[in-house]
Amino acid sequence: MLEVAIKLLQKNNYKITKQRRSLLDYLSHFQEHYVAVSAVDKYMHEIYPGMSHNTIYRNIKEFEEVGIIENKLRDGSAWVKYQCDFVHQHHHHFVCKKCGKVQEVQMCPLDFFEEQLPGCRIDEHHFELYGICADCIRLGKE
Ligand SMILES: [Zn+2]
Ligand SMILES: [Zn+2]
Ligand SMILES: [Zn+2]
């Protein structure tokens, strides 16, 4: 699973340093759930005490730029997750309010909104669905 990510980094001229490799390993555990950037920073700083917070944050940013991770703001703080779909990087999510599981939704509603805003140019959009996932419903967690 990391192969695609490593290729993307190399294609964008990033060296696969020990630190980037560890960061990638760690983030790959978060494909179905978001993790707070502060928690990623804490984890990296524990294994590499010599690595500055700036460098850690910069590496996270680089991963975002090449599309290895997805990000969002929640309650004023930054959260990231491993890319769920390298082929369709533009997609949306259904997030379970009970367990936090993230599922990919491929349909993008942008066309629908563009229709309602004739003459305007929409530059960005964030769209997420919230609810209870099938597993949580089955287990009666709701
Ligand atoms: Zn995703
Ligand atoms: Zn759930
Ligand atoms: Zn979209």
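# Exercises on rings, a zinc ion and helices

R74 holds its charged end over the ring of W79, 4.0 Å from the ring centre. (A charge sits over a ring if NZ of Lys or CZ of Arg is within 6 Å of the ring centre and within 35 degrees of the ring normal.) This is a predicted model, in which local features need pLDDT of at least 70 and side-chain atom pairs count only at pLDDT 80 or more, while totals for chains, interfaces and linings use all residues. Residues are numbered from 1 along each chain as its sequence is written, chains are lettered from A and ligands numbered from 1 in the order in which they are written, and side-chain values use heavy atoms, leaving out hydrogens and water.

**Exercise 1.** Find the residue that lies over the face of Y34, and give its distance from the ring centre.

*Solution.* Go to Y34 and look over its face: K72 is there, at 4.5 Å from the ring centre.

**Exercise 2.** Work out the order of helices and strands along the protein chain.

*Solution.* Start with the tally: six helices and six strands. (Helices, H or I with at least four residues, and strands, E with at least two, are DSSP runs numbered from the N terminus.) Now walk along from the N terminus, and you get α-α-β-α-α-β-β-β-β-α-β-α. For the overall picture, the C-alpha atoms fill a box of roughly 50 × 45 × 30 Å along the principal axes. The chain has 142 residues, and 37% of them count as buried. (Buried means under 20% relative accessible area, exposed over 50%, and partly exposed in between, with a 1.4 Å probe and protein chains only.)

**Exercise 3.** Classify the ring pair of Y26 and Y43, and say which parts the pair ties together.

*Solution.* First, the rule: rings of Phe, Tyr and Trp (its six-membered ring) pair if their centres lie within 6.5 Å; planes under 30 degrees apart count as stacked, over 60 as edge-to-face and the rest as tilted. That rule gives four aromatic pairs here. In one of them, Y26 and Y43 are stacked, with 3.8 Å from centre to centre and 10 degrees between the planes. Next, locate the partners: Y26 belongs to helix α2 (residues 18-28) and Y43 to helix α3 (residues 37-47), so the pair joins parts 17 residues apart in sequence. Y26 is buried at 15% relative accessibility, whereas Y43 is partly exposed at 31%.

**Exercise 4.** List the protein donors of the zinc ion (ligand 1) and their spacing in sequence.

*Solution.* Donors are N, O and S atoms within 2.8 Å of the metal (3.2 Å for Na, K and Ca); water is not among the atoms, so sites may look incomplete. Here you'll find E70 (OE), E70 (OE), C84 (SG), H91 (NE2) and H93 (NE2), lying 2.0 to 2.6 Å from the zinc ion. Read along the sequence, the donor residues follow E-x13-C-x6-H-x1-H. Check accessibility too: C84 is partly exposed at 22%, but H91 is buried at 7%.

**Exercise 5.** Identify the residues of α2 and α4 that make the contact between these helices.

*Solution.* The handedness of the crossing is left aside here. On the α2 side, pick out R20, L23, L24 and L27; on the α4 side, N59, I60, E62 and F63. (Contact means heavy atoms within 4.5 Å.) Now zoom in on E62, which is found in α4 (residues 53-66). E62 is buried, at 9% relative accessibility. Leaving aside neighbours within four places in sequence, E62 is in contact with Y14 and R20.
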